[in-house]
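The sequence and the coordinates are shown first, and the description comes after them.

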Amino acid sequence: MKSILNIARQFWNDEEGATAVEYGLLAALIAIAIIVGVNTAGTNLNALFNRIAACLTNPRGALCGV
């Protein structure tokens, strides 16, 4: 019968399943990068559309560069 210490060593040295964890971490990092990128792009697009709306309302305004 194996001792608890031997079972713990065997568990510690077992690398099976490590690839799945690595892929999971990689997928999480990619998802975070996408969320940050989309959030930044959304903020910039919102500012652009607000500027366009202001220029359509008042073409001689300060934001329109006329």
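The text below moves from overall shape to the helices, the surface and the disulfide.

**Overall shape**

The model is predicted. Its secondary structure consists of two helices and zero strands. The C-alpha trace spans about 85 × 15 × 15 Å along the principal axes of the protein. The radius of gyration is 27 Å, whereas a compact globule of 66 residues would have a value near 11 Å. Buried residues account for 3% of the 66 residues. The accessible surface of the protein amounts to about 6100 Å², and carbon and sulfur atoms contribute 68% of that area.

**Helices and separations**

Helix α1 covers residues 4-13 and includes Gln 10. Helix α2 covers residues 18-57, and both Val 38 and Arg 51 lie in it. Leu 63 is found in the segment that follows α2.

| Pair | Separation in sequence | C-alpha to C-alpha distance |
|---|---|---|
| Gln 10 and Ile 32 | 22 residues | 34 Å |
| Arg 51 and Ile 4 | 47 residues | 68 Å |
| Leu 63 and Ile 52 | eleven residues | 8.8 Å |

**Surface**

How exposed are the residues placed in the helices above? Gln 10 has a relative accessibility of 45%, so it counts as partly exposed. Arg 51 also falls in the partly exposed class because its relative accessibility is 44%; that class lies between the cut-offs of 20% and 50%. Val 38 has a relative accessible area of 57% and is therefore exposed, the cut-off for that class being over 50%.

Val 38 also belongs to a nonpolar patch on the surface.

Which residues does Leu 63 contact, its neighbours within four places in sequence left aside? Leu 63 is in contact with Arg 51, Ala 54 and Cys 55. Of these, Arg 51 lies in helix α2, while Leu 63 itself is in the segment after that helix.

Cys 55 is also one partner of a disulfide, the other being Cys 64. A disulfide is a covalent bond between the sulfur atoms of two cysteines. The sulfur atoms of Cys 55 and Cys 64 are 2.1 Å apart, and a pair counts as a disulfide when its sulfur atoms are within 2.5 Å. By this rule, the count for the model is one disulfide. The torsion about the S-S bond of Cys 55 and Cys 64 is about -125 degrees, and the disulfide is therefore left-handed.

Notes
Residues are numbered from 1 along each chain as its sequence is written. This is a predicted model: local features need pLDDT of at least 70, side-chain atom pairs count only at pLDDT 80 or more; totals for chains, interfaces and linings use all residues. Side-chain values use heavy atoms; hydrogens and water are left out. Helices (H or I, at least four residues) and strands (E, at least two) are DSSP runs, numbered from the N terminus. Contact means heavy atoms within 4.5 Å. Patches are made of residues with over 30% relative accessible area and no salt bridge: like charges are joined within 9 Å, nonpolar side chains (Val, Leu, Ile, Met, Phe, Trp, Tyr) within 5 Å. Accessible areas come from the Shrake-Rupley method with a 1.4 Å probe; for residues, only the protein chains shown count as cover. A salt bridge is a side-chain nitrogen of Lys or Arg within 4 Å of a carboxyl oxygen of Asp or Glu. Buried means under 20% relative accessible area, exposed over 50%, partly exposed in between (1.4 Å probe, protein chains only). The radius of gyration is taken over C-alpha atoms; the globule rule is 2.2 Å times the number of residues to the power 0.38.
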